[in-house]
Amino acid sequence: MMPIASKVEANGQMCEKGESVSMMEQLVPEITTHAFSYLDYPSLCRLSMTNSLMRKAANDDNAWKALYHKDFTLEQDGVRPINGWKAYYAATRAIVNINAEFFGIIRDRLLPAMGHLWLNADYVKCIHASGELFSGYSAVVGSWQIVLNAEQLGDGGLQIRDVRTRVLAEIAWVTMKAYVDMDNGTFNITNVFEHHNGRWYIVHHHCSVLLAHGNVQQIVHP
């Protein structure tokens, strides 16, 4: 920290005589934003709690946009978040986390947890790799009891790749590829979420049949 003997301007803020500002606070906004682009999500949040100048810099939309494109898909270059990139990043992070939780439940075969993840509504739907459609909360959760008991599920071999997320106000969807065995083909999966009472719930799951070596194979997972 360096004492400033008289009024100086730091990042557009006037500092009175006797106050101290850090070297970071004396940088022009463009340089600060560029420096912040190298930080991860927890670091940027911690920095925003240090003082008012850092909070203003850390809440800059450009910093959160850069972090979003670093952590998530670049497919949303045309998006202009209504509530800013920080809120959009937080919403996307929440969806990515709950989507990861969904597959963690599958790996651990936790039927009660799967039931808590779904919205209890008659319009929720689930299409497994078998191609069968289940509609309504009870039918959907019942279908997962069959899937989670299936031998084809394997133990810990489920891998998720190419995750793409899109959030629009109270609804979000995630597309991805899933592999039970990396050598035997892939499932294309779409999960749709809705926001209710402060949390996200899954309302639609669609898994393709397994395409392996040019042949469609009927498998009950995922």
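Modeller: Quick ground rule first: helices (H or I, at least four residues) and strands (E, at least two) are DSSP runs, numbered from the N terminus. This is a predicted model, where local features need pLDDT of at least 70 and side-chain atom pairs count only at pLDDT 80 or more, while totals for chains, interfaces and linings use all residues. Residues are numbered from 1 along each chain as its sequence is written, and side-chain values use heavy atoms, with hydrogens and water left out.

Biologist: Got it. Where is the place of R109?

Modeller: Start with the backbone: most residues other than glycine have a negative phi. R109 has a positive one, near 55°. At 29% relative accessibility, R109 counts as partly exposed, since that class lies between buried (under 20% relative accessible area) and exposed (over 50%), using a 1.4 Å probe and protein chains only. Its place is in the loop between α5 and α6.

Biologist: Which strands stand at the edges of the open sheet?

Modeller: Six strands make up this open, mixed sheet, in the order β6-β5-β10-β9-β8-β7; two strands pair if DSSP finds at least two bridges between them. The twist averages 20° from one strand to the next, with axes as lines fitted to C-alpha atoms (for helices over the stretch in contact) and angles running from 0 to 180 degrees between N-to-C directions. A strand with a single partner has one side left without a neighbour in the sheet, so the edges are β6 (133–135) and β7.

Biologist: What is the bridge partner of V167 in β8?

Modeller: β7 and β8 run antiparallel and are joined by eight bridges. Their hairpin has two residues between the strands, and there A169 takes a positive phi near 55°. Across in β8, V167 is partnered by A172.

Biologist: What is the bridge partner of V174 in β9?

Modeller: β8 also pairs with β9, in the antiparallel sense and over eight bridges. For V174, the partner in β9 is N191.

Biologist: Which element supplies the largest share of the lining of the largest pocket?

Modeller: That pocket has a volume of about 280 Å³. A pocket here is an open set of points on a 1 Å grid over the protein atoms alone, where a 1.4 Å probe fits, with protein on both sides within 12 Å along at least five of seven lines; lining residues have an atom within 4 Å of a point. Y88, R166 and L168 are among those lining it, and at least two residues each come from α5 (84–108) and β7 (159–168). Four residues, the largest share, come from α5.

Biologist: Last one: how many Å separate the C-alpha atoms of A66 and W85?

Modeller: A66 lies in helix α4 and counts as partly exposed at 29% relative accessibility. A66 and W85 are 19 residues apart along the chain, and their C-alpha separation is 9.1 Å.

Terms used: Grid points are joined across faces, edges and corners, and a volume is the space filled by probe spheres set on the points.
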